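Here is a friendly walk through the model on your screen. Keep the sequence and the 3D view open side by side as you read.

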Amino acid sequence: MPNLLDYDLAGLAAWFEELGEKPFRARQVMRWIHREGCDDFGAMTDVAKSLRAKLDALAEIRPPVPLRDTVSGDGTRKWLLDVGGGNAVEAVFIPEAGRGTLCVSSQAGCALDCAFCATGKQGFNRNLEAGEIVGQLWLANKLLGAASAPAREDENDNGRVISNVVLMGMGEPLANFDKVVTALRVMLDDHAYGLSRRRVTVSTAGVTPAMDRLREECPVALAVSLHAPDDALRDRLMPINRKYPLHDLMAACRRYLERAPRDFVTFEYAMIDGINDSDAHARALVALTRDVPCKFNLIPFNPFPHSGFARSPVDRIRRFSAILLDSGIIATTRRTRGGDVAAACGQLAGQVRDKTRRARTYPLQMMEEIGS
Ligand code: SAH
């Protein structure tokens, strides 16, 4: 039975057409589902009763099911969401003054195996469906009491509890291209969430051909996980670099910017003690990104059990950031949020029924610690 969360407006219109219904029905139902947070066809009062009954028999609105809801001391909220087959993914809501950001997962696990990331250590099971991706937004809106709620004092300037979405949860979004683009279209659609392209960010480890496709099909804000200024180090930290090395990646960033809603790329850079955080690394980054309009987001490395890495000391991060700033690059240091509930960058692990051999190379106890 089709899950209507899987469709963007064009997909929904096509589905209604197959049923012999008018395309405006798609807009109506889209608004009920995403604007009102409605999962009951019976409650769609401006839809003809006979059609409501038909929808009830033929389709469903099936969001991911929350298994756990954890609130951090700093207000960050993390949901563990069941996506079936023994897999669960995580979504994180990060409230800040003037905005609320939802961090969304795109895959159950991740196949890229970056050395410093907890998700990678769990291996990979499958791509999420579009409805499982946008369903995280649907559900978070509902659980935060945001769906069709009257404007409140504490809401952000955009008038919404969730004003920004970042695809920075579990998985590599550009390795699940079609489903991610469908979900993005729903996030952007005025009949659904109506988020601006500048407030929806796709983060990639650097799948360059898919960056080109995104630029054509659905340009949104782009973040690129960089983490190293040279191929030798990046090959070691991020195996995907062996396929798409830095020279290609920088060129892909420049091409992306020709169509992007923002005029810069955000480079994410985890600060890992003694690995990628020297003055020389900072200077090499300046040289590497000379031709790419960019901002840097320095992420103090978030530890997880048996990672084998440590966070750079505060002074080191300050010095590193000063070198970037002195050369004219805007660099901010991400304040670690949700660290006490393992909701910070690189700490999301959910539950993954690994289909690769990777997780087997780690002791079971370690996997339990990461997943806990
Ligand atoms: N696969 C995509 C989306 C993940 S976003 C990507 O690589 O961009 C998650 C961000 O957190 C990425 O920038 C990732 O490199 C970073 N990250 C991963 N592990 C981390 C850790 N342990 N500490 C800090 N940042 C980490």
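A residue is called buried when its relative accessible area is under 20%, exposed when it is over 50%, and partly exposed in between, using a 1.4 Å probe and protein chains only. This is a predicted model, in which local features need pLDDT of at least 70 and side-chain atom pairs count only at pLDDT 80 or more, while totals for chains, interfaces and linings use all residues. Residues are numbered from 1 along each chain as its sequence is written, and side-chain values use heavy atoms, with hydrogens and water left out.

**The chain as a whole**

The chain holds 12 helices and 12 strands; these are DSSP runs numbered from the N terminus, with helices being H or I of at least four residues and strands E of at least two. Of its 372 residues, 55% count as buried. The C-alpha atoms occupy a box of roughly 70 × 45 × 45 Å along the principal axes. Contact here means heavy atoms within 4.5 Å. Looking at contacts between residues at least 6 apart in sequence, 67% join residues at least 24 apart.

**Salt bridges**

Side chains of opposite charge can pair when their charged atoms come close. The rule used for a salt bridge is a side-chain nitrogen of Lys or Arg within 4 Å of a carboxyl oxygen of Asp or Glu, and it gives 18 salt bridges. Three of them are listed here.

| Pair | N to O distance |
|---|---|
| Arg99 and Glu96 | 3.1 Å |
| Arg255 and Asp212 | 3.0 Å |
| Arg215 and Glu216 | 2.4 Å |

Take the pair Arg255 and Asp212, joined by a salt bridge. Arg255 sits in helix α9 (residues 246-257) and Asp212 in helix α7 (residues 208-217), so the pair ties together parts that are 43 residues apart in sequence. Arg255 is partly exposed because its relative accessibility is 31%, and Asp212 is also partly exposed, at 23%.

In the pair Arg99 and Glu96, Arg99 is partly exposed at 40% relative accessibility, and Glu96 is partly exposed at 32%.

**A buried charge without a partner**

Asp189 lies in the loop between α6 (177-188) and β8 (200-204). Asp189 is buried but has no salt bridge, and the nearest side chain of opposite charge, Arg31, is 7.3 Å away. For charges, Lys and Arg count as positive and Asp and Glu as negative, with His and the chain ends not counted. Setting aside residues up to four places away in sequence, Asp189 touches Leu9, Met30 and Gly194.

**A buried strand residue**

Ala91 belongs to strand β3 (residues 88-96). Is Ala91 buried or exposed? Ala91 counts as buried because its relative accessibility is 1%. Beyond its neighbours within four places in sequence, Ala91 has contacts that include Arg77, Trp79 and Cys103.

**Positive phi angles**

Most residues other than glycine have a negative phi. Asp113, which is not a glycine, has a positive phi of about 60 degrees; Asp113 is in the loop between β5 (107-109) and α4 (118-121). His306 has a positive phi near 65 degrees and is found in the loop between β11 (294-300) and α11 (314-326).
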